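Subject: Structure handover

Hello,

I am passing a structure on to you. Please open it and keep it beside this email as you read.

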Amino acid sequence: MSFVVHSYGYLYHASRWSVSRSDHPFPDSKKFEKISAVVLLGFTVEAFLNHVGALKIPDWETNERGFTAKKRLKIVLDAASISLNEGSRPWSTLKELREIRDMFAHARSETIDQYSLGHFITDQMPADFTEWWARLRDFDLDQAFDDVKGLVESVWNGLCMAGPSPLELVGSGNGT
């Protein structure tokens with residue numbers, strides 16, 4: 001018997017778990033949780049597209065690395081008969097997830113000059129003044145969880161995949 005490990009399921013649950021650890025007293029712990037959750041949620045989408053793409057799209061495993069993230073999404077959505085409206089949810093959320101993921105993948109250290117801020121940093125952590133935190137601070141994580149779950153379930157149903165909700169799957173013994 002063989003088993004399939006559904007990486008997208010593990011990534012989704014790891015993302016959810018990372019924000020449930022909110023009892024840590026370290027001042028930046030909320031930032032750590034949000035960074036982890038957002039990056040893992042972005043990876044969830046990529047891993048899910050690779051999972052269903054390999055099952056439903058001819059030559060996916062040969063060609064997918066040559067496609068942009070947007071092209072991979074479009075190919076899978078087309079196969080599932082789902083239209084892409086880039087200006088509305090969940091697509092706008094997916095775009096923002098990808099941009100934040102890329103921002104961290106290509107991150108650089110930043111120098112924060114407290115004099116240029118017009119005051120001394122006393123009750124705030126230096127990361128509060130970074131470009132990445134400005135972007136991440138207002139990112140609606142609950143909306144992102146809902147949008148990713150909705151996308152995954154819509155694609156799953158559109159591709160006529162059998163079984164329980166795909167985000168409930170972390171592994172199976174029947175190869176699906």
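Below is what was found in it, from the overall layout down to single residues.

**Overall layout**

Please note that this is a predicted model. The protein chain has 176 residues, and 37% of them count as buried. Its secondary structure comes to seven helices and two strands. Reading from the N terminus, the order is β-α-α-α-α-α-α-α-β.

**The core**

The largest nonpolar core holds 40 residues. Which of them touch the most other members? They are Leu41, Val52, Leu94, Val148, Leu151 and Val155. The largest share comes from α2, with ten residues.

Leucine 41 is then in contact with Tyr12, Ser15, Leu97, Leu141, Ala144, Phe145 and Val148.

**Salt bridges**

How many salt bridges does a search of the whole structure find? It finds eleven.

Begin with glutamate 46 and arginine 98. Their closest N and O atoms are 2.4 Å apart. Glutamate 46 sits in helix α2 (residues 29-56) and arginine 98 in helix α5 (residues 91-105), so this pair ties together parts that are 52 residues apart in sequence. Arginine 98 is partly exposed, at a relative accessible area of 25%.

Next come arginine 101 and aspartate 102. Their side chains meet in a salt bridge at 2.8 Å, N to O. Arginine 101 has 19% relative accessibility and counts as buried, because the cut-off for buried is under 20%. Aspartate 102, at 25%, counts as partly exposed.

These two pairs belong together. Glu46, Arg98, Arg101 and Asp102 are linked in a network of salt bridges.

**The largest pocket**

The largest pocket has a volume of about 360 Å³. It is lined by 16 residues. Those nearest its centre are Lys70, Leu73, Leu94, Lys95 and Arg98. Two of these names have come up already. Leu94 is one of the core residues that touch the most other members. Arg98 is in the salt-bridge network.

Where does the lining come from? α2, α4 and α5 each supply at least two residues. α5 gives the most, with six. By type, the lining divides into eight nonpolar residues, one polar and seven charged.

**A cis bond and a buried aspartate**

Most peptide bonds are trans. Look, then, at arginine 89 and proline 90. A cis peptide bond joins them, with omega about 0°. Proline 90 lies in the loop between α4 and α5.

Both residues also meet aspartate 147. Beyond its neighbours within four places in sequence, aspartate 147 is in contact with Arg89, Pro90 and Thr93. Aspartate 147 belongs to helix α7. It is buried, with a relative accessible area of 6%.

**Positive phi angles**

Most residues other than glycine have a negative phi. Aspartate 59 has a positive phi of about 60°, although it is not a glycine. It is found in the loop between α2 and α3 (60-63). At 54% relative accessibility, aspartate 59 counts as exposed.

Cysteine 160 also has a positive phi, near 55°. Its place is in the loop between α7 and β2. At 66% relative accessibility, cysteine 160 counts as exposed.

**Where the chain comes back**

Valine 170 is in the loop between α7 and β2 (171-172). It counts as partly exposed, at 30% relative accessibility. What does valine 170 touch, not counting residues up to four places away in sequence? The list is Val4, Val5, His6, Gly9, Tyr10 and His13. The C-alpha atoms of valine 170 and tyrosine 8 are separated by 7.7 Å, with the two residues 162 apart along the chain.

Best wishes

Notes. Residues numbered from 1 in each chain as written. Predicted model: local features only at pLDDT ≥ 70, side-chain atom pairs only at ≥ 80, totals over all residues. Heavy atoms only, no water. Salt bridge = Lys/Arg side-chain N within 4 Å of Asp/Glu carboxyl O. Helix = DSSP H or I, 4+ residues; strand = E, 2+ residues; numbered from the N terminus. Buried < 20%, exposed > 50% of the residue type's maximum accessible area, 1.4 Å probe, protein only. Core = buried A, V, L, I, M, F, W, Y, C linked by side-chain atoms within 4.5 Å. Contact = heavy atoms within 4.5 Å. 1 Å grid on protein atoms, 1.4 Å probe; cavity = no way out; pocket = protein on both sides within 12 Å on 5 of 7 lines; lining within 4 Å. Points joined across faces, edges and corners; volume = space filled by probe spheres on them. Nonpolar A, V, L, I, M, F, W, Y, C, P; charged D, E, K, R; others polar.
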